Amino acid sequence: MTAVVRANDLVKCYGGFTAVDGISFDIPPARCIGVLGPNGAGKTTTLRMILGMTPMTAGSLEVFGLPMPAQGRAIRRRIGVVPQVDNLDPDFRVDENLEVHASYFGIDAATVRARLPALLAFANLSERRHAKTDTLSGGMKRRLTIARALINDPELVILDEPTTGLDPQARHVIWSRLMALRARGTTLLLTTHYMEEAERLCDELLIMDHGRMLDRGTPRALIRRHVEPEVIEVRSGDTADFADFAARHGCRLEAQGEGLSCYAEQSAPLLAYLQRHPALAYLHRPAGLEDVFLRLTGRDLRD
């Protein structure tokens with residue numbers, strides 16, 4: 001099976017700063033692959049190199065088996081792009097935004113007219129096809145941006161934080177559209193800061209930081225590999241005695257502001273302790289992808 005994207009020792013430097021530091025990965029067809037990392041991890045730079053928008057400093061990159069950047073134009077004709085920030089033309093109607101974007105790919109008018117109804121239905125915008133884009137809600141604009149990325153019937157769709165800033169209802173609608181795309185065989189490559197989004201959509205995840213690849217795997221495999229199965233977050237109260245008790249039971253502890261996160265293989269003795277000390281407010285939950293993310297990339301704020 002030929003990889004849709006294959007990167008080998010990919011490097012991108014800006015002067016003395018290395019944004020991407022020798023990463024290698026492949027993306028199989030008809031899969032949704034997520035790229036996770038803090039701000040400045042190198043995610044967007046990696047996407048831009050795949051698109052041929054940013055020249056690589058070193059390494060090799062193939063998309064659809066074609067070398068990038070030598071075959072950049074041919075590659076881009078087969079890709080759809082959903083940028084981090086919507087860049088719809090406010091002077092055009094919904095359908096005109098799709099038609100103008102189609103012209104960039106040299107798609108003839110008859111083909112565009114044939115594709116529009118399905119794309120508008122996919123975005124749930126059929127009744128708004130003649131509306132100006134500046135009258136649309138944030139969720140509508142995002143759905144239109146995704147529909148626009150499909151006008152050339154792409155084999156690969158690259159999405160940079162596709163649901164940032166949307167309310168839960170709009171986010172769930174977009175998730176359903178993306179899952180439908182994957183089900184019909186389209187390869188998806190996305191970045192996101194929403195761990196729930198990554199767990200719901202992605203077959204596999206690449207975790208990056210400081211331009212390097214930290215790990216790769218399915219969401220469940222990454223959780224099993226890097227964190228204990230149960231977490232107890234003590235949110236208020238004097239945690240010193242509880243911390244000593246948890247440490248004696250082999251738990252891993254992480255300070256979290258004024259609180260404490262306790263990562264445990266077995267939570268029963270800890271929960272019994274907490275029930276005897278009602279002044280300690282706590283939350284007991286299974287470990288998740290966010291715990292993996294914080295353990296691999298740290299809790300320091302990134303600007």
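**Close-up views of a predicted model**

**View 1. Pairing of strands β1 and β4, and the sheet around them.** Strand β1 (residues 5-14) and strand β4 (residues 58-63) run antiparallel and are joined by five bridges. This and the other views show a predicted model. Within the pairing, Val5 has Val63 of β4 as its bridge partner. Both strands belong to an open sheet of four strands, in the order β2-β1-β4-β5 and with antiparallel pairing. At the edges stand β2 (17-27) and β5 (66-67), each of which pairs on one side only. Helix α1 (residues 43-50) packs on this sheet and touches β1, β2 and β4. The direction of α1 makes about 60 degrees with that of β2.

**View 2. The open sheet β12-β13-β11-β14.** Four strands form an open sheet in the order β12-β13-β11-β14, with antiparallel pairing. The edge positions are held by β12 (252-256) and β14; each has a single partner strand, so one side of each is left without a neighbour in the sheet. With direction ignored, neighbouring strands of the sheet are turned by 20 degrees against each other on average. Strand β11 (residues 230-236) is largely enclosed by the rest of the structure, because five of its seven residues are buried. On one pairing, β11 and strand β13 (residues 259-264) are antiparallel over five bridges, and Ile232 stands opposite Cys262. The antiparallel pairing of β11 with strand β14 (residues 281-286) extends over six bridges. Here Val231 is opposite Arg285, and Glu233 is opposite Leu283.

View 3. Arg285 is partly exposed at 22% relative accessibility, whereas Asp291 is buried, with a relative accessible area of 5%. Asp291 lies in helix α11 (residues 289-297), where Leu289, Val292, Phe293 and Thr297 are also buried. Gly298 follows α11 and has a positive phi, near 90 degrees.

View 4. Asp160 lies in strand β7 (residues 156-160). Asp160 is buried yet has no salt bridge; Lys43, the nearest side chain of opposite charge, is 6.9 Å away, and the cut-off for a salt bridge is 4 Å.

**View 5. Salt bridges between separate elements.** The whole structure contains 16 salt bridges. In one of them, the side chains of Arg142 and Asp86 meet at 2.5 Å, N to O. Arg142 lies in helix α5 (residues 138-149) and Asp86 in the loop between β6 (79-82) and α3 (94-103), so the pair ties together parts that are 56 residues apart in sequence. Arg142 is buried, with a relative accessible area of 3%, while Asp86 is partly exposed at 28%. A salt bridge also links Glu199 and Arg220, whose closest N and O atoms are 3.6 Å apart. Glu199 is in helix α7 (residues 195-201) and Arg220 in helix α8 (residues 219-226), so parts 21 residues apart in sequence are tied together. Both residues are partly exposed, Glu199 at 33% relative accessible area and Arg220 at 46%.

Technical notes: Residues are numbered from 1 along each chain as its sequence is written. This is a predicted model: local features need pLDDT of at least 70, side-chain atom pairs count only at pLDDT 80 or more; totals for chains, interfaces and linings use all residues. Side-chain values use heavy atoms; hydrogens and water are left out. Two strands pair if DSSP finds at least two bridges between them. Helices (H or I, at least four residues) and strands (E, at least two) are DSSP runs, numbered from the N terminus. Contact means heavy atoms within 4.5 Å. Axes are lines fitted to C-alpha atoms, for helices over the stretch in contact, and angles run from 0 to 180 degrees between N-to-C directions. Buried means under 20% relative accessible area, exposed over 50%, partly exposed in between (1.4 Å probe, protein chains only). Lys and Arg count as positive and Asp and Glu as negative; His and the chain ends are not counted.
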